[in-house]
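Open the model in your viewer and keep the selection tool at hand. This tour goes stop by stop and tells you what to pick next.

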Amino acid sequence: MKAVVIDQFGGPEVLRYRDVPDPSLSPASVLVEVRAAGVNRGDLQVRAGEFAVEEQPLPLIVGWEVAGVVKAVGDLVQDARQGDRVVAIIPSGGYAELATAIAQAVVPIPQSLSFEEAAGIPIVFMTAWFALVKKAALRSGETALVQAAGSGVGMAGVQIAKHVGARVIATAGSDEKLARARELGAGETINYRTTDFAEAVTTITGGRGVDVVLESVGGRTLVRSIELLASGGRLVSVGNSSREPVSIDAALLVERDVSLAGLYLGNELLRSGAIEEFQKVVDLCGRGELKVIVDRVLPLAEAAAAHAILADRANFGKVILRP
Ligand SMILES: NC(=O)c1ccc[n+]([C@@H]2O[C@H](COP(=O)([O-])OP(=O)(O)OC[C@H]3O[C@@H](n4cnc5c(N)ncnc54)[C@H](OP(=O)(O)O)[C@@H]3O)[C@@H](O)[C@H]2O)c1
C-alpha cells in the first residue's frame, strides 16, 4: 500500500509518500480501507520528535484518525462487517491506504456524513467533549471561554459548549475565524491579536469572569485564563500550541476557588464507556447538531503541505488527507 512514512524526526520534508507492506490484522482488530485521514497539530509534534506524552518508534506512519470502509475483520470481532462505513481512532498509521483499528475504537458512520467529515471527528471533537462535558461538567446557563476557536479543538469546543446550553465567548487570531466561530454559536468573540482578551472577557462578563475555559494555547494565555475564572470556575488545559513555557502560582487556584485540570485524550479513551461517548458524538454530528468543519481536503501524497497549513495557522477546523 501507499503511506506517508517518517524514517527520521524533522520538518515537513521527512514525510515520505511511498510503498510499505500492508498492515497485518490481529484477531480483535478491523482492517479499514482509508478514504479520509484527519490531520492534527499533535501530528506535527510527532513528526518533529517532540511528542512528549508517548514514545513513537521509527519508522512511523503518522495519523490518529481515519474514516473508510471495512475490508476485513479479525476472528474475534462481532460488531463490524466487511463493507461497513466506519470511523476509527488509532494509535498511529492513519496517513495510509489501509489502517488497522481495535474493534472497540471503531464506530459506524451515519449516512448523512461524508468520509471527510467523519475523519474530522475523533481527535478534536472527543478532546473538546471530554474536556467540556466530562472534566469541566459544563452546564446550561454557564459561560464558557473557548481559546483558539479556529483550531480543530476550538471549532468543536464552541459547538459543544453551545450544545450544552452555555453562553460561549470565543477567541482567535483573525476576524475571519471569529466570524466563523459566531456562525457555530459563539455569542461574543475576541481577536487576541488586536485586543487584550482578558480585558475584553472582563468587560463582556461585567467583571464576574467565566465558569469554564477550554484552553489549548498555553503559556501566558493559560495563566491569564485562570485569572478570568469566576469563583467555582474550571479550566481544562488540553494543549500548548504556543509552545511557551508556563509556571502557575498555585495560590491563584486557592484565592479564586477555581480548578485547573489537564486532559490527555489517549488516556480518556482507555476508560470504560469511552466508545459509547465516541458513538454519541458521531451521532450528534450525523444529526447535524454538531457540524464537522472541514477546512480543506488534500491528496495523501501532499501530507507535508497539510502540515504547513496547520503550522501557518491557516486552517479553520480540520485539514483532511484523501488516499
Ligand atoms: N490533550 C489532548 O489529548 C489533545 C488532543 C487534540 C489536540 N490537542 C491540542 O489542542 C491544540 C489544538 O489542536 P488542533 O489540532 O485543533 O490545532 P490546530 O487546528 O492546528 O489549531 C491551533 C491554533 O492555535 C492557535 N494559536 C494560538 N497561539 C498560537 C501559537 N503561538 N502558535 C501556533 N498556534 C497558535 C492558532 O489559531 P489563531 O491563528 O486563531 O491564533 C492555531 O491555528 C493543540 O495544542 C493540540 O496539541 C490536545
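**Stop 1: the ligand**

Select the ligand and its surroundings: 27 residues surround it, and the closest are Arg 41, Gly 173, Tyr 192, Leu 263 and Leu 265. A residue counts as near when one of its heavy atoms lies within 4 Å of the molecule. Before going on, note that this is a predicted model: local features need pLDDT of at least 70, side-chain atom pairs count only at pLDDT 80 or more, and totals for chains, interfaces and linings use all residues. Residues are numbered from 1 along each chain as its sequence is written, and side-chain values use heavy atoms, with hydrogens and water left out.

Zoom in on Arg 41. An N or O atom of its side chain is 2.7 Å from an oxygen atom of the ligand. Next, pick Gly 173. Here a backbone N or O atom lies 2.7 Å from a ligand oxygen atom. Then pick Leu 263, where a polar backbone atom is 2.7 Å from a nitrogen atom of the ligand. The ligand on its own has 920 Å² of accessible area, and the protein covers 90% of it (Shrake-Rupley method, 1.4 Å probe; for residues, only the protein chains shown count as cover).

Now colour the helices α1 (41–48), α3 and α4 (152–164). Each supplies at least two residues of the shell around the ligand. Helices (H or I, at least four residues) are DSSP runs, numbered from the N terminus. Which helix gives the most to this shell? It is α3, with three residues.

**Stop 2**

11 of its 14 residues are buried, so the helix is largely enclosed by the rest of the structure. Buried means under 20% relative accessible area, exposed over 50%, and partly exposed in between (1.4 Å probe, protein chains only). Among the buried ones are Phe 125, Met 126 and Trp 129.

Now show the largest nonpolar core. It has 82 residues, and Tyr 95, Ile 121 and Phe 125 touch the most other members. Such a core is a set of buried Ala, Val, Leu, Ile, Met, Phe, Trp, Tyr and Cys residues joined through side-chain atoms within 4.5 Å. Helix α3 (residues 122–135) provides its largest share, nine residues. Domain 1 (2–121 + 292–322) and domain 2 (124–266) both give residues to this core, so it lies between them. Apart from it lies another core of 16 residues, including Phe 197 and Leu 235.

**Stop 3: the two domains**

Colour the two domains; their bounds come from an automatic or database domain assignment. Their centres, taken over C-alpha atoms, are 28 Å apart. At the meeting place, 17 residues of domain 1 are in contact with 18 residues of domain 2 (contact means heavy atoms within 4.5 Å).

**Stop 4: Glu 116**

Go to helix α2 (residues 115–119) and select Glu 116. Is Glu 116 buried or exposed? Glu 116 is buried, at 16% relative accessible area. Its side chain makes a polar contact of 2.9 Å with that of Arg 322. A polar contact is a pair of N or O atoms within 3.5 Å; within protein, one must be able to donate a hydrogen and the other to accept it, and residues adjacent in sequence count only if both atoms are side-chain atoms.

**Last stop: Ala 48**

Finish in helix α1 with Ala 48. Ala 48 is partly exposed, with a relative accessible area of 26%.
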